[in-house]
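Please read them with the structure open beside the text.

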Amino acid sequence: MPNASSWSASSPLLLLWEDSSGTRIFLSLLYAVLAISGTLSNVMVIYLVFSFKKLQTTSNAFIVNGCAADLSVCALWMPQEAVLGLLPPNSSSLRSAEYRLLRGGLLGLGLTVSLASHLLVAFNRYVLITKLPSVYQALYQRRHTGCMIGLSWALALLLVPLLPGLWTPGSAQQPPPRQTDGGSRYTTLLLALAVLGQTALLLHCYLGIVRRVRGSAKRVSVLNFHLLHQLPFPAAPPPPRRAQRRLSSVSVLLLCCVFLLGTQPLVWVSLLGFFLRPAPPALQAASWLLLCSLSALNPLLYTWRSEEFRRAARSVLP
C-alpha cells in the first residue's frame, strides 16, 4: 500500500488510491454492478416516459433529463472504470492524457446535469404543490421547460472544459488534490459551495412541500406530484387523511435523506481539505463513490412511489 503522499500517483480508478489487487478487483466489481443497474433503470424510465402519454408531464421531463445525464455516468464512465481497474497500473491506456480528460469530461458532464435536474424537479414540485395552478401553468409552459433543460446542459458544457482536473483526482500521472496549485484548490472550494447552495435550495423546496401537506386540510398527492384532476385514470381509494399526509411526508423526507447521503460527504470532505487538512484517502474515496452511486439510484428515487410508473412498468415487463 502506498503512503499518504503518493495515494493517487499510479491508480487507474477515480476512487482508488491503493495498489492492492483485492481493492482494485472489489471496486471494479462494484463499478460493474452500479453500471448495469444504473443503465437499466435509467433506460427504463426514459423508455416509459416516451412510450406512455400519461407519463409525459413537466415533472417527468426533468426526471428524464436527469436520467439522460446519469447515463453518461452509468453507461459510459463506470464501465471504463470497471475495466481499467483490472489493468496493471503502468498500462499505456492509463497514461494517455486525452483519455483521462475524456473520462473526466463524461463524469463531470453527467454529474453537473444530474445535480441541476434534481433542483429543477424539486422546484417544479414546490410550485405545483404550494402555488396556484395558474402560476404553475404560466411558469411551466412547454417553451419554458425546454429552456430550463437546455440551460442545464449549457451550464455543464461550459464548466467541464474549465475544470479538467476536478473530476479526475485519481488519474495516472496526476498529483493528488492537496498537492495542486492554489487555483485548483479554490476551484474545488467554489464547486463545493455551489453544491452546498444547490442542496439548500432543494431542501427548502421539499421542506416547504412537507409543511404545506401537513398543514393543509386537503389531500394533496405529493406521491405522484401531479394535479389530481389531470390523472387519466381513476385514482385508487386514498388512505385516511392523516395517514396520507404522514406517508407523503415520509416519502419526501426519504428522498432528501438519500440525496444528502450521496452529495454531502464529498462537499464536507472538500471543505475540510481546504480549511483544515486533507481527509484520509479512504474517506475521500467513499465520498466520491457515494456521489457516483447516486446516478444509479436516481430513477428509483423519483418513481418508486408513483402508481403511474408502476402501472406502465407492469405493462411492459413480463
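Predicted model: local features only at pLDDT ≥ 70, side-chain atom pairs only at ≥ 80, totals over all residues.

How are H1 and H9 oriented to each other: roughly parallel or roughly perpendicular?

1. Helix H1 (residues 21-51) and helix H9 (residues 307-316) pack at an angle of about 95 degrees, and their axes lie 10 Å apart. An angle of 65 to 115 degrees counts as roughly perpendicular, and H1 and H9 are therefore roughly perpendicular to each other. On the H1 side the contact is made by Met 44, Val 45, Tyr 47, Leu 48 and Val 49, while H9 contributes Phe 309, Ala 312, Ala 313 and Val 316.

2. The side chain of Glu 307 meets that of Arg 310 at 2.6 Å, N to O, and it meets the side chain of Arg 311 at 3.5 Å, N to O. Glu 307 and Arg 310 are separated by about one helical turn because they are three residues apart in helix H9; Arg 311 and Glu 307, being four residues apart in that helix, are likewise separated by about one helical turn. Salt bridges that share partners join Glu 307, Arg 310, Arg 311 and Arg 314 into one network. As for accessibility, Glu 307 is partly exposed at 23%, Arg 310 is partly exposed at 31%, and Arg 311 is partly exposed at 36%.

3. Of the four salt bridges found in the whole structure, one is formed by the side chains of Arg 103 and Glu 81, with an N to O distance of 2.8 Å. This pair links distant parts of the chain, since Arg 103 belongs to helix H3 and Glu 81 to helix H2, 22 residues apart. Both Arg 103 and Glu 81 are buried.

4. Leu 196 is placed in helix H6 (residues 182-215) and, with a relative accessible area of 25%, is partly exposed. Leaving aside residues up to four places away in sequence, Leu 196 touches Gln 264, Val 267 and Trp 268. Between Leu 196 and Gln 264 there are 68 residues of sequence separation, yet their C-alpha atoms are 7.6 Å apart in space.

5. Leu 86 lies in the loop between helix H2 (58-84) and helix H3 (97-130), and because its relative accessibility is 57%, Leu 86 counts as exposed.

Key
Residues numbered from 1 in each chain as written. Heavy atoms only, no water. Helix = DSSP H or I, 4+ residues; strand = E, 2+ residues; numbered from the N terminus. Buried < 20%, exposed > 50% of the residue type's maximum accessible area, 1.4 Å probe, protein only. Contact = heavy atoms within 4.5 Å. Axes fitted to C-alpha atoms, helices over the stretch in contact; angles between N-to-C directions. Parallel < 35°, antiparallel > 145°, perpendicular 65-115°, else oblique.
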